[in-house]
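Work through the exercises below with the sequence and the coordinates at hand. Each task is followed by a solution in steps.

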Amino acid sequence: MNRKKVLITGAASGIGRATAIRFANDGYDVCVNDIQSEKLMALLNELPEGNHLLLKGNYAEEQTIINGEKIIQQNWGA
């Protein structure tokens, strides 16, 4: 099954968290990003089954973007 994919920054709490849950419940594979890795892990455990990814770090920093590209390419292929 070819599921849609989405990257959500600020996903550890608030609107970002609610958005990640909504997309996952709607059948998307979700890559969640935030600097709060423990909260991201807890969020991933709450999401319905899928090929969800965790990207720790500040998305405003270049290294986080580079890491995100690698994680997404390795797991989602694009």
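What percentage of the 78 residues in the protein do buried residues make up?

Solution. The model is predicted, so local features need pLDDT of at least 70 and side-chain atom pairs count only at pLDDT 80 or more, while totals for chains, interfaces and linings use all residues. Residues are numbered from 1 along each chain as its sequence is written, and side-chain values use heavy atoms, with hydrogens and water left out. Buried means under 20% relative accessible area, exposed over 50%, and partly exposed in between (1.4 Å probe, protein chains only). By this criterion, buried residues make up 33% of the 78 residues.

**Exercise 1. Describe the overall fold and dimensions.**

Step 1. Assign secondary structure from DSSP runs, numbered from the N terminus: helices are H or I with at least four residues, strands are E with at least two. The protein has 3 helices and 3 strands, and along the sequence they follow the pattern β-α-β-α-β-α.

Step 2. Compare the radius of gyration, taken over C-alpha atoms, with the globule rule of 2.2 Å times the number of residues to the power 0.38. A compact globule of 78 residues would have a value near 12 Å; the protein has 11 Å, which agrees. Along the principal axes, the C-alpha atoms fill a box of roughly 30 × 30 × 15 Å.

Step 3. Count contacts, meaning heavy atoms within 4.5 Å. Of the contacts with a separation of 6 or more, 38% are between residues 24 or more positions apart.

Step 4. Compute the accessible area by the Shrake-Rupley method with a 1.4 Å probe; for residues, only the protein chains shown count as cover. The protein exposes about 4,900 Å², and carbon and sulfur atoms supply 49% of that area.

**Exercise 2. Find the salt bridges that involve Asp29 and state what they connect.**

Step 1. Apply the criterion: a side-chain nitrogen of Lys or Arg within 4 Å of a carboxyl oxygen of Asp or Glu. The structure holds 4 salt bridges.

Step 2. Take Arg3 as partner. Its side chain meets that of Asp29 in a salt bridge (2.8 Å, N to O). Asp29 lies in strand E2 and Arg3 in the segment before strand E1 (5–9), so this pair ties together parts that are 26 residues apart in sequence.

Step 3. Take Lys5 as partner. Lys5 and Asp29 form a salt bridge, with the closest N and O atoms 2.8 Å apart. Lys5 is in strand E1 and Asp29 in strand E2, so parts 24 residues apart in sequence are tied together.

Step 4. Asp29 counts as buried because its relative accessibility is 2%, whereas Lys5, at 34%, counts as partly exposed.

**Exercise 3. Which residue forms a salt bridge with Glu46?**

Step 1. The partner is Arg17, and the closest N and O atoms are 2.5 Å apart.

Step 2. Locate both residues. Glu46 is in helix H2 (residues 37–46) and Arg17 in helix H1, so the pair links distant parts of the chain, 29 residues apart.

Step 3. Arg17 counts as partly exposed, at 25% relative accessibility.

**Exercise 4. Is Asp34 buried or exposed, and what surrounds this residue?**

Step 1. Asp34 is in strand E2 (residues 29–34).

Step 2. Asp34 is buried yet has no salt bridge; Lys39, the nearest side chain of opposite charge, is 7.8 Å away.

Step 3. Leaving aside neighbours within four places in sequence, the contacts of Asp34 are Gly10, Ala11, Ala12, Leu40, Leu55, Lys56 and Gly57.

**Exercise 5. Characterise the surroundings of Val6 and Phe23.**

Step 1. Val6 lies in strand E1 and counts as buried, at 16% relative accessibility. The C-alpha atoms of Val6 and Val30, 24 residues apart along the chain, are separated by 5.1 Å.

Step 2. Beyond four places in sequence, Val6 is in contact with Phe23, Tyr28, Asp29, Val30, Cys31 and Trp76.

Step 3. Phe23 is in helix H1 (residues 14–25) and is partly exposed, with a relative accessible area of 26%. Not counting residues up to four places away, Phe23 touches Val6, Ile8, Tyr28 and Val30.

Conventions:
Lys, Arg positive; Asp, Glu negative; His and termini not counted.
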